[in-house]
Amino acid sequence: MSYPKSSAQKAFPVRHVTAVLGPTNTGKTHLAIERMLGHGSGMIGLPLRLLAREVYDRICQHTDPKNVALITGEEKIKPENPRYYVCTVEAMPRDIKVDLIAIDEVQLAADLERGHVFTDRIIHMRGTHETLLLGADTIKNTLCELVPNLNIISRPRLSKLSYAGQKKISRLPRRTAIVAFSASEVYAIAELIRRQRGGAAVVMGALSPRTRNAQVELYQSGDVDFIVATDAIGMGLNLDVDHVAFAGARKFDGERHRPLQPAELAQIAGRAGRHINDGTFGVTANVEPFDQRLVDQLEEHYFPQIKTAQWRNSALDFSSLDALAACLQRSPDLPFLVKSRMSDDVLALETLCKDDEVQALATSPEAIKRLWEVCQLPDYRNVSPQQHADIIAAIYKYIMSDKGVVPESWFERQVAHANDISGNIDTLANRIAHIRTWTSVSSRPDWLGDPKSWQQRTHAIEDALSDALHEKLTKRFVDRRTSTLMRRLRDEEELFAEIDKKGYIHVENHFVGRLNGFCYSPDGSAQGREGKAVRNAAAKILAGELAKKAETLISSKDSAFTLSRTGNILFEGEVIGRLTRADNILAPAPHLFADEHLAPADKERIAKRLTSFIVSITSEVLKPLVELQTAPELTGLSRGIAFQLIENLGSLKRMDIAHDLRQLDQPARKQLRKYGVRFGAFNVFIPALLKPAAAELLLLLWALHDQSDQKIDPYDLPEPPRAGLTSDVNDKKLPQQYYRTAGFQPCGPRVVRMDMLERLDQQIRPLIIWRNQKSTDPQPVGATGHGGFLVQADMLSILGCSWEEMKDILPTLGFALERKKIIVKTDSPHAQKASRAALEALSSFVTIPAQKAEEETEPEEQFEEIWRPKRAQNTRPQRQNRSDNRRPQQRREQKNTNKKGRPPRREQKHAGAGKKGGAPNRPSRPRPRRADPHSPCAALGDLKKALEKQKK
């Protein structure tokens with residue numbers, strides 16, 4: 001059936017117009033590029049700016065970029081005299097004559113939104129030598145109606161396309177493109193792919209060219225095996241896809257959600273298989289398997305013909321706003337053309353025509369034409385029609401003002417909203433859409449005062465946002481480590497791995513875990529197949545690395561090892577094992593931390609080396625105890641005391657071995673002293689073991705062998721008293737043996753270092769021994785003269801305690817407190833106070849001189865606290881043989897006692913007392929004491945005399 005030619009067809013006669021039709025992967029776009037480069041000039045219109053950028057890059061590889069221009073809605077790369085133009089269909093210049101014009105995907109003439117643009121270009125755009133219309137077979141009949149005498153070339157598909165049925169996402173083959181029809185579905189599927197398969201690239205029409213290219217490169221390079229995309233993937237993007245999986249079969253076409261037509265499914269499924277490589281397609285997720293009829297259509301590429309094309313009048317009348325609106329409302333005069341629905345530019349024009357200011361400005365054809373140009377500004381932000389119309393109205397009013405351009409300050413504020421690369425994926429995508437609008441404005445040379453600088457700035461902002469978006473997409477949807485490792489392991493390629501000084505393991509520059517000593521700790525974030533890939537990659541290098549590390553350890557000196565206070569053995573700062581209990585308390589056994597990657601032979605050799613280190617460190621730090629354990633000359637009772645010291649790790653209470661000490665002769669004591677043993681007043685101990693290093697190791701050995709009810713975890717020891725302290729607070733929750741092993745003796749509220757107790761004994765003993773029989777001996781400060789002593793400040797300083805704490809410490813050391821009342825003399829200030837109080841009481845009866853009526857308070861009773869050894873506790877045994885090693889002071893004490901052990905009676909002061917032949921001891925007469933004039937009795941005497949005078 002033929003129809004009469006339209007006016008447009010008559011105006012543009014046919015000049016070598018050829019339609020190259022066929023399914024996807026027939027090389028149509030490649031043919032058009034070759035034909036254009038064969039001419040001196042050419043122009044190709046493409047359906048997507050993404051595809052336009054791809055074709056532009058391909059052409060620049062075959063010719064000088066100075067000869068190629070790129071023109072899209074928001075991007076213009078236009079050299080001074082370009083020969084070839086790569087454009088989106090909407091942006092194709094109409095005033096340029098070139099040898100060849102090619103229009104790709106002409107079947108989009110039936111699209112409800114953009115179809116009228118393709119129809120217009122099909123009818124009106126012609127090359128001076130050749131015109132190519134590229135598309136699917138379904139548009140053939142409509143093209144024949146639009147372009148009479150059309151040359152048609154059918155091209156078969158270069159590879160076979162087959163249906164593979166339904167598969168779960170986790171079972172999809174490599175090099176698969178998964179197609180969804182909303183951004184939320186794309187993100188959800190990409191997230192699932194990342195968790196299960198290592199990651200996926202993401203491609204959507206809303207992405208900027210820079211972001212889309214970066215995502216495609218991510219897929220093409222093999223870093224990921226999957227790409228998740230919208231139906232934009234069906235518009236000529238050249239990808240190495242082996243399988244296309246539909247995760248949806250319905251889309252929103254701008255008015256409603258509808259099922260995809262078979263031809264639309266074929267356009268997308270045809271992306272599978274490139275050049276001569278066969279491809280497959282199928283469904284996934286919750287999509288029902290395709291019926292056989294649909295499968296046959298997709299495999300055989302046979303679909304119903306498109307019967308109509310969208311049309312909008314392009315012969316516009318700018319004489320008035322009403323005339324322009326009437327032109328846009330005109331219906332086509334051919335039955336196979338359908339008037340297109342309201343588009344964004346027409347809606348914007350209708351809205352602006354209601355604005356009084358716009359109406360006042362749009363009075364001339366030139367002004368109305370400029371208004372129509374502004375209305376065609378794309379709505380990349382997808383805001384409401386009214387919001388989009390407000391922006392257009394503001395721009396139009398500015399360019400129609402006296403200055404004729406948009407003010408830079410206003411434009412700066414609009415651009416600044418998008419100049420921020422922070423935020424999530426959706427935020428960045430919205431900012432990119434925002435800046436694309438202002439990039440389109442800056443591409444109009446007559447709208448801004450300095451359009452070139454603004455183009456550079458808006459492009460720079462878009463590039464920065466695009467890079468940030470690509471980074472966010474990659475970080476969220478791609479696990480580079482897993483994808484790289486799985487690909488290398490799958491391809492059986494040799495992996496490059498290394499371990500840094502901190503033990504971090506990197507395979508192909510990706511962190512896979514850490515080597516702690518001889519144990520491998522895989523990355524905790526890797527699970528499932530990802531975790532398996534990580535473990536397999538690490539296992540290939542661990543065996544060799546651990547063998548090298550074992551050799552280094554075995555040949556190292558003791559200085560390379562460290563033993564912590566909690567029993568951990570460290571090699572070059574890494575924990576490789578810990579001490580465990582052994583039969584010999586001074587020779588604990590090492591336990592090596594190692595996993596299956598270390599060879600058994602190496603484990604044995606390392607264990608021997610660690611045993612050698614433990615023997616070395618105990619021999620050095622605990623040298624007195626180790627030597628005491630192996631001393632050959634100790635026998636009998638001295639051997640027994642040495643054994644007890646070793647069992648108790650260097651200290652014994654003197655009272656616990658008092659019986660043995662009484663029987664220990666001086667030669668035996670001398671032998672023990674040679675090994676550092678000190679026989680103190682309260683403890684028998686080894687002072688060298690009080691050092692911090694020895695104390696820490698002793699505590700660890702004690703905890704390993706502790707059998708008490710309050711058993712302490714040796715690998716979580718409480719902190720001992722800080723080094724340098726002479727005493728510390730006594731934590732009653734800890735066993736006494738814990739403190740004794742650390743070199744401290746519990747004494748009531750505090751624990752006191754054993755050597756400090758001996759210093760205390762050295763201060764107390766002279767005070768107890770001193771007697772006042774000899775007047776020539778000076779009385780020591782704190783001595784009472786009768787076996788007691790008073791606490792001095794030096795004693796508190798030695799123990800580092802308060803007076804109140806001292807009163808609780810001394811009883812634990814065998815001293816008892818005696819409180820002695822202090823008698824106040826009558827001539828003392830206290831007696832004077834008492835006298836004045838009595839006079840005040842009598843003042844109501846008689847007149848008392850004023851100087852005797854001063855107010856004073858009664859003195860409180862005072863006591864003197866005297867400490868002396870308890871009689872029941874005698875830690876120093878008495879010698880039967882008085883000639884045995886008695887000190888001179890002991891002999892003097894014995895001489896000054898009678899047979900009953902009591903001191904002799906005090907000697908009389910008169911000359912003949914106690915001498916042979918002298919005068920007998922007679923009690924002396926008491927001398928009359930002089931009354932104290934300030935005593936209460938003196939006051940009563942004065943009162944008596946005063947009363948007698950009154951009677952006289």
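What percentage of the 952 residues of the protein count as buried? The share is 47%. The model is predicted.

Figure 1. The protein exposes about 50,100 Å². Carbon and sulfur atoms supply 49% of that area.

**Figure 2. An open sheet of three strands.** The strand order is E27-E29-E28, and the pairing is antiparallel. Strand E27 (651-653) and strand E28 (678-679) form the edges. Each of these edge strands pairs on one side only. Strands of a sheet pair through backbone hydrogen bonds, either parallel or antiparallel.

**Figure 3. Close-up of strands E27 and E29.** Strand E29 covers residues 683-685. Three bridges join E27 to E29, and the two strands run antiparallel. Lys653 stands opposite Asn683 in E29.

**Figure 4. The cavity in the structure.** The structure holds one cavity of 30 Å³ or more. The largest cavity has a volume of about 60 Å³. Which of its 13 lining residues are the closest to its centre? They are Gly650, Ser651, Leu690, Arg740 and Gly743.

**Figure 5. The lining of the largest cavity, by residue class.** Eight lining residues are nonpolar. Four are polar, and one is charged. Arg740 is among the residues closest to the centre of this cavity, and Arg counts as charged. Ser651 is also among those closest residues; strand E27 spans 651-653.

Key. Residues are numbered from 1 along each chain as its sequence is written. This is a predicted model: local features need pLDDT of at least 70, side-chain atom pairs count only at pLDDT 80 or more; totals for chains, interfaces and linings use all residues. Side-chain values use heavy atoms; hydrogens and water are left out. Two strands pair if DSSP finds at least two bridges between them. Helices (H or I, at least four residues) and strands (E, at least two) are DSSP runs, numbered from the N terminus. Buried means under 20% relative accessible area, exposed over 50%, partly exposed in between (1.4 Å probe, protein chains only). Accessible areas come from the Shrake-Rupley method with a 1.4 Å probe; for residues, only the protein chains shown count as cover. On a 1 Å grid over the protein atoms alone, a cavity is a set of points where a 1.4 Å probe fits but cannot get out, and a pocket is an open set with protein on both sides within 12 Å along at least five of seven lines; lining residues have an atom within 4 Å of a point. Grid points are joined across faces, edges and corners, and a volume is the space filled by probe spheres set on the points.
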